[in-house]
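I set out to record what can be read from this model, entry by entry. The coordinates and the sequence come before the notes.

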Amino acid sequence: MFSLDLSFYNWELFTSYILKGLLFSVQLTIIATVGGIVFGTALALMRLSGRSALVYLATFYVNTMRSIPLVMVILWFFLLIPMLIGRPIGADLSATITFIAFEAAFFSEIVRAGIQSVPRGQGFAAEALGMTYGQNMRFIILPQAFRNMIPVFMTQTIILFQDTSLVYAIGAYDLLKGFEIAGKNYGRPIETYILAAFTYFIICFSLSKIVRKIQSKVAIIR
Amino acid sequence: MIKLRNVSKWYGSFQVLNDCSTSINKGEVVVICGPSGSGKSTLIKTMNALEPFQQGEIVVNGISLHNPKTNLPQLRSRVGMVFQHFELFPHLSVTENLTLAQMKVLGRSVEEAKVHGLKYLERVGLLAQKGKFPGQLSGGQQQRVAIARALSMDPIVMLFDEPTSALDPEMVGEVLDVMVKLANEGMTMCCVTHEMGFARKVGHRVIFMDHGRIIEDCNKTEFFDNPDKRSPRAQEFLSKILAH
């Protein structure tokens with residue numbers, strides 16, 4: 001039986017190593033969620049627009065992003081972006097751009113399903129009242145679609161938060177990296193990884209509990 | 001007011017409307033009846049351009065629907081439509097349902113739209129429900145709100161697509177009462193319905209459809225009181241539907 005020395009768990013551990021990583025991971029999650037929803041909605045509308053150029057473009061993008069492992073996309077973007085813009089780019093910024101681009105594909109599928117889950121008659125009723133396509137989407141379809149999708153959005157965010165740990169591939173300082181470095185500095189890798197697992201678990205479990213609570217409150221009664 | 005000429009429509013290779021021609025004049029109440037799949041819902045949906053059509057011409061209040069330059073949303077705001085499944089917006093309150101299109105399509109102010117919408121809500125007898133949400137209302141109440149919503153836009157003609165077909169029998173009466181009142185006030189109406197009692201009471205003309213064609217298009221006395229002069233298919237339909 002191996003002996004665990006947890007004596008070094010203290011506030012200093014948190015502020016010196018963990019806090020910086022936690023802030024980065026949380027920040028990345030929030031930015032990628034918001035950006036992902038915004039661009040994901042745009043992609044979903046492109047796919048549903050019926051104009052073949054937009055449909056093909058959006059479908060190609062979404063299918064490609066969803067077919068490649070995230071860690072690969074992270075590496076690619078880190079190497080590719082400097083080549084495209086001609087100067088080197090920090091791991092943090094590269095990770096942010098990558099995550100927004102990647103999550104947009106996943107969110108677009110959620111948004112598309114959400115839009116298609118709104119009964120067709122709703123769109124007809126809006127049209128019959130004289131609303132344009134834009135008004136129909138803005139006031140009738142998207143509000144209902146988004147209400148339906150909130151639980152799925154939040155679940156995707158939880159997954160996103162866990163995926164932020166993949167930025168180790170390009171050396172960004174995220175939550176997991178914080179624990180890793182702390183473990184090295186204190187000479188207690190096992191204990192720190194246990195704490196890491198515990199931290200991720202607490203955060204994700206709490207979020208999923210919130211999702212369950214919200215699910216019943218947000219549902220639209222038809 | 002509405003003129004259809006040789007309208008044909010296909011879904012892929014299936015022809016759903018076959019050379020339909022008719023007209024609806026101001027102040028007339030026209031009832032469209034026929035078996036399921038005869039194309040009656042599709043026909044009425046072509047009248048406000050909710051369904052496109054491949055052949056023929058439709059002119060609504062002087063505006064042709066087949067002209068690609070026509071501003072369809074603007075045209076649709078002049079034509080009111082009531083759907084079989086009510087299609088109230090469930091995420092909005094009754095008042096918001098009534099005022100949304102008035103504000104966004106007709107550009108009315110919030111107060112104007114409210115006053116106007118609630119006036120019609122009162123006319124359908126549901127002023128007390130103005131703060132409720134559609135999910136809290138019964139089917140009959142939802143349909144009456146839907147009628148008020150369509151009327152708030154001050155349409156020149158009202159189209160009804162089987163407005164009572166999804167209602168419990170007990171609630172059919174309250175909706176038909178509203179429609180009868182509307183007809184007696186002189187609204188131009190076109191209704192797809194199975195309620196022959198309504199047709200007899202306030203209808204002026206009856207259109208009978210089968211397999212995408214208009215088989216009968218005559219005034220109501222001709223249709224109901226002289227069944228033997230009608231085509232065999234119409235007679236068959238009448239005998240079955242009037243039996244109960």
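Predicted model: local features only at pLDDT ≥ 70, side-chain atom pairs only at ≥ 80, totals over all residues.

**Entry 1**

I looked up local features only where pLDDT is at least 70.

**Entry 1. Chain A overall**

I began with the secondary structure of chain A. I find 8 helices and 0 strands there, and from the N terminus on the elements read α-α-α-α-α-α-α-α. I then took the extent of the C-alpha trace of chain A, which spans about 70 × 45 × 30 Å along its principal axes.

How much of chain A is buried? Of the 222 residues in chain A, 33% are buried. I also looked at the sequence separation of contacts: among those in chain A between residues at least 6 apart in sequence, 75% join residues at least 24 apart.

**Entry 2. Helices H6 and H8 of chain A**

I examined the pair formed by helix H6 (residues 133-163) and helix H8 (residues 189-218) of chain A. Their axes come within 9 Å and cross at roughly 175°. An angle over 145 degrees counts as roughly antiparallel, so H6(A) is roughly antiparallel to H8(A).

Which residues meet there? On the H6(A) side I list A:Arg147, A:Ile150, A:Pro151, A:Met154, A:Thr155, A:Ile158, A:Phe161 and A:Gln162. On the H8(A) side I list A:Tyr200, A:Ile203, A:Cys204, A:Leu207, A:Ser208, A:Val211, A:Ile214, A:Gln215 and A:Val218. By class, the residues of this contact of H6(A) with H8(A) divide into 12 nonpolar, 4 polar and 1 charged.

**Entry 3. Contact between chains A and B**

I next took the contact between the two chains. It takes 19 residues from chain A and 19 residues from chain B. Helix H5 (120-128) and H6 of chain A each supply at least two residues of the side of chain A that touches chain B. I classified that side of chain A as well: its residues divide into 10 nonpolar, 6 polar and 3 charged.

**Entry 4. The antiparallel sheet of chain B**

In chain B I traced an open sheet of 4 strands in the order E2-E1-E4-E5, with antiparallel pairing. Which strands are at the edges? They are strand E2 (14-24) and strand E5 (63-64) of chain B, each of which pairs on one side only.

Strand E1 (residues 2-11) and strand E4 (residues 55-60) of chain B run antiparallel and are joined by 5 bridges. I note that B:Lys3 has B:Val59 as its bridge partner in E4(B).

I turned to strand E7 (residues 157-161) of chain B, which is mostly covered, with 5 of its 5 residues buried. B:Val157, B:Leu159 and B:Asp161 point one way from E7(B), B:Met158 and B:Phe160 point the other way, and all are buried.

Strand E6 (residues 79-82) of chain B runs parallel to E7(B), and 4 bridges join the two. Here B:Val79 has B:Val157 as its bridge partner in E7(B). E7(B) also pairs in the parallel sense with strand E8 (residues 188-192) of chain B, over 5 bridges. In E8(B), B:Cys191 is the bridge partner of B:Phe160. From E7(B) the chain crosses through helix H6 (residues 169-184) of chain B to E8(B), and this β-α-β crossover is right-handed.

**Entry 5. Helix H1 of chain B**

I checked burial in helix H1 (residues 40-47) of chain B and found the helix mostly covered, with 7 of its 8 residues buried. The buried residues are B:Lys40, B:Thr42, B:Leu43, B:Ile44, B:Lys45, B:Thr46 and B:Met47. After H1(B) comes B:Ala49, whose phi is positive, near 65°.

**Entry 6. Positive phi in residues other than glycine**

I looked up two further backbone angles in chain B. B:Asn6 is not a glycine, yet its phi is positive at about 50°. B:Asn6 lies in strand E1 of chain B.

Is B:Asn6 buried or exposed? B:Asn6 counts as exposed because 11 C-beta neighbours lie inside 10 Å, and the cut-off for exposed is 12 or fewer.

The phi of B:Asp154, also a residue other than glycine, is positive and near 50°. I place B:Asp154 in the loop between helix H5 (139-151) and E7 of chain B. With 13 other C-beta atoms within 10 Å, B:Asp154 is partly exposed.

Technical notes
Residues numbered from 1 in each chain as written. Chains lettered and ligands numbered in written order. Buried ≥ 20, exposed ≤ 12 C-beta atoms within 10 Å, placed from the backbone. Contact = placed C-beta atoms within 7 Å. Axes fitted to C-alpha atoms, helices over the stretch in contact; angles between N-to-C directions. Parallel < 35°, antiparallel > 145°, perpendicular 65-115°, else oblique. Nonpolar A, V, L, I, M, F, W, Y, C, P; charged D, E, K, R; others polar. Pairing = 2+ DSSP bridges. Right-handed = clockwise from strand over helix to strand, strands pointing away.
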